[in-house]
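The paragraphs after it go through both in turn.

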Amino acid sequence: MDVSGTERLQDEHGRLLEANNLQFAYDNGLITAICPSENETAFTQNVKVSILSHLQVTMNSFQLPSVVIEDDISGRCLTRYFPKPSAERADAWTIRKVKSTAGCANKYSRKTRFDGIDLRLAQLPEHHHHSRQRYHQHSQPPRAQPPTSSSTAYSSSSSPPPPPPASVSNNNTETSISSATSTEAAAVKTWKIFVDKEEPIKRIEFGHTAVFVDVNAQTANLVEANQTLTAVLVGDFTNRATSFANLIRLIRKMDSEQLEELYNIYKDTKQAKDLLKQAIYSAGTEVALTHLMNELNAGQFNAPIFQLSLLPSPNLTQIEIIGNLLRSTDVKSLGLIVSTLVDRYCQSHPRCMQDEIILKNLRQLESSLRYDCSTDSEEARDGVIITLRAIGNVGRVSNKSEVYPVLERCLLQPNIFLRSATAEVFRKFPCDEEADELLLSILKKRDEEAEVRIQAYLSWSRCLSEGKLLSLLSILLIDPSDQVSSSAYPVLEFLVVKSFVASHLVSIRNSQDPFKADKRRMLESLQPNFSFIFNYADADLRRHSMYFDKHYYPDQFGGGVEATVIYGPTSPLPRYVSVNVTFRGFGRSFNLLEVGYRSEFGGKLRRTLLNEPEEMPSTYDGRELPYPAKHYEFFRESERRNFAFMRIFGHEVFQSTNADRDFMNLYPAQEVQSSLLEVDEVTSLPTIGGLSLQISMLGVSSQKLKYGLNWTNVLIDFDAR
């Protein structure tokens with residue numbers, strides 16, 4: 001009670017810190033285990049870990065000075081211990097502990113749209129080919145047990161041993177540890193803070209837990225937002241980019257009523273409305289996504305929405321809103337966005353398959369396949385193909401025993417586009433014998449199209465072992481002339497597959513990609529067995545399908561290019577081409593961009609080169625075909641279209657099932673100006689007191705594009721800043 005008789009309120013932070021208990025093991029000065037309550041917040045957990053960091057003493061002996069590597073709240077730090085005479089006693093020394101926290105590793109946590117894989121994972125066994133595959137998709141990490149041993153106990157109402165005095169100077173941490181020279185150090189095996197009641201706990205690594213704080217809503221100024229939007233419309237390049245970044249920040253502060261009011265002001269002005277839509281896409285807050293859902297349901301938004309797949313570090317709320325939008329509209333491309341967000345969430349949350357929101361979205365995608373991917377219209381089939389590619393984005397299914405049989409039946413559909421998409425579904429799946437058996441059966445299938453067999457092979461080879469390579473060898477040793485067939489078609493298909501597999505294996509053997517190092521070593525050990533395959537890869541590349549791999553990684557930075565080219569058995573032009581670009585830097589590998597194009601019996605370039613008619617005769621037309629083509633029933637008029645796709649950071653964000661039509665619609669009739677959010681980063685780093693420092697960064701570019709295109713004249717005017 002104070003002098004006025006009013007009861008003092010307990011400090012909010014103090015109340016939070018005392019709400020839960022933290023258990024830890026302390027072995028000879030080293031913190032060996034930390035088990036906080038499952039109800040512990042990141043803020044209080046970091047403060048308590050900071051206290052433990054000051055308690056930790058990792059010097060191996062009193063032979064000083066010494067330098068050790070120490071893990072604590074600041075990360076993995078180089079720590080120096082050195083003696084100093086005590087000013088209080090002649091027979092005592094002070095051991096001083098000093099570390100430069102600026103140079104600590106594993107210090108920064110990022111909320112980013114740039115998905116990358118830690119290059120250290122390249123040193124793991126081959127089956128960890130994807131970063132998230134460190135965890136089986138249906139497994140659960142064992143529940144943490146509290147550290148137990150003979151120990152000194154401290155109750156929740158008692159204070160733990162006080163930390164040694166600490167001081168901070170010039171980003172260095174100094175801790176003084178006093179010890180009498182005549183007394184041996186006490187060997188305390190384990191300390192533990194125990195609880196008075198049973199309470200669920202978890203086991204964590206000794207370090208900083210990232211804290212990302214969103215801006216508070218209801219602080220935006222509509223007048224400022226109007227002025228900023230006007231500045232974007234009328235400003236030059238530099239001012240336009242700066243103003244667009246400010247507009248995104250303002251939208252992130254708005255509540256639903258403010259955003260609705262701002263949108264209604266400009267809903268009848270096309271240029272301003274389009275600009276505002278871009279800012280709403282980029283904001284990505286719950287308010288912005290909810291507004292987006294309402295507008296899409298009302299049919300108001302018709303702009304490309306793949307920007308939503310680039311939301312930095314998506315959370316369950318964002319996934320749920322966009323998933324609900326997918327279920328309530330017929331915008332099929334939303335499946336690609338939802339699947340991308342789900343996979344990115346699961347990469348940082350290994351127990352994501354226990355979240356009902358994740359399972360709900362996976363089941364929603366899988367339900368679109370029905371029993372066997374059969375459809376009654378071209379539009380419905382396009383939707384199934386996009387769904388298959390969305391499942392490939394996620395790299396997992398809700399229930400293998402239910403979904404795998406459906407995928408197996410999809411591989412029996414007559415449409416080659418659909419079968420090829422089904423074979424490609426498994427491209428990011430964890431190593432799975434059941435999936436590999438299914439893919440291998442397609443690879444062995446003699447009457448299957450070469451493209452489907454090659455896509456099945458690429459998915460099957462995502463995880464290689466010596467046993468799998470030897471089984472592949474037995475398939476390639478089959479003499480195609482022994483195949484019973486009334487035509488040369490199966491022989492041609494086999495040669496197409498064989499040439500691709502040969503070039504793929506040779507490229508892996510010669511690749512400098514660190515993530516292919518284990519596969520390269522296996523192929524080198526099996527060199528005598530595969531010598532004839534390696535020689536076959538030197539065949540005429542103008543008529544053989546092939547895989548190309550070139551990586552350059554000299555030091556800290558590097559990159560690589562991979563290309564896939566697949567020919568049909570009778571066409572002189574490739575039917576499928578894809579190019580994948582990778583960048584490596586800052587200790588991570590970034591799959592920047594992959595683009596692909598597929599065409600069969602279509603395309604202006606091929607018609608021009610072969611002098612073909614615009615409309616190919618149907619299979620029921622008695623006229624002679626312009627050139628021999630077996631299995632022509634697969635390529636009727638409705639199927640002679642061009643497909644295209646684009647993947648960013650390994651996730652497919654754009655899929656066109658009629659590229660000629662879609663790309664023609666992208667030609668601007670007049671000058672186009674736009675602003676794009678290129679960088680949206682939030683970095684969280686710890687202080688030695690356990691508080692987190694958050695740094696946010698937005699990077700915006702402005703573009704102006706104007707071009708004309710015809711067969712005799714091309715004019716392109718592009719300016720970007």
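Predicted model: local features only at pLDDT ≥ 70, side-chain atom pairs only at ≥ 80, totals over all residues.

Residues are numbered from 1 along each chain as its sequence is written, and side-chain values use heavy atoms, with hydrogens and water left out.

The structure holds 4 disulfides, a disulfide being a pair of cysteine sulfur atoms within 2.5 Å. With bonded cysteines counted along the chain, the pattern is 1-2, 3-4, 5-6, 7-8. One of the disulfides joins Cys77 and Cys104, with 2.0 Å between the sulfur atoms. This disulfide is right-handed because the torsion about the S-S bond of Cys77 and Cys104 is about 115°. The pair links distant parts of the chain, 27 residues apart: Cys77 is in strand 4 (residues 75–85) and Cys104 in the loop between strand 5 (92–100) and strand 6 (109–111). Helices (H or I, at least four residues) and strands (E, at least two) are DSSP runs, numbered from the N terminus. Both Cys77 and Cys104 are buried, where buried means under 20% relative accessible area, exposed over 50%, and partly exposed in between (1.4 Å probe, protein chains only).

In the disulfide of Cys373 and Cys410 the sulfur atoms are 1.8 Å apart, and the link is right-handed, with 75° about the S-S bond. This pair also links distant parts of the chain, 37 residues apart, with Cys373 in the loop between helix 10 (356–367) and helix 11 (378–394) and Cys410 in helix 12. Cys373 and Cys410 are both buried.

Turning to the rings, the structure holds 10 aromatic pairs. Rings of Phe, Tyr and Trp (its six-membered ring) pair if their centres lie within 6.5 Å; planes under 30 degrees apart count as stacked, over 60 as edge-to-face and the rest as tilted. The ring centres of Tyr404 and Phe426 are 5.7 Å apart and the planes are at 75°, so this pair is edge-to-face. Tyr404 lies in helix 12 (residues 400–410) and Phe426 in the loop between helix 13 (416–424) and helix 14 (433–444), so the pair ties together parts 22 residues apart in sequence. Tyr404 counts as buried at 3% relative accessibility, and Phe426 at 0%. Elsewhere, ring pairs link Tyr457, Trp460, Phe500 and Tyr547 into a cluster.

The charged end of Arg409 sits over the ring of Tyr371, 3.7 Å from its centre; this requires NZ of Lys or CZ of Arg within 6 Å of the ring centre and within 35 degrees of the ring normal. Arg389 lies over the face of Phe645, 5.0 Å from the ring centre.
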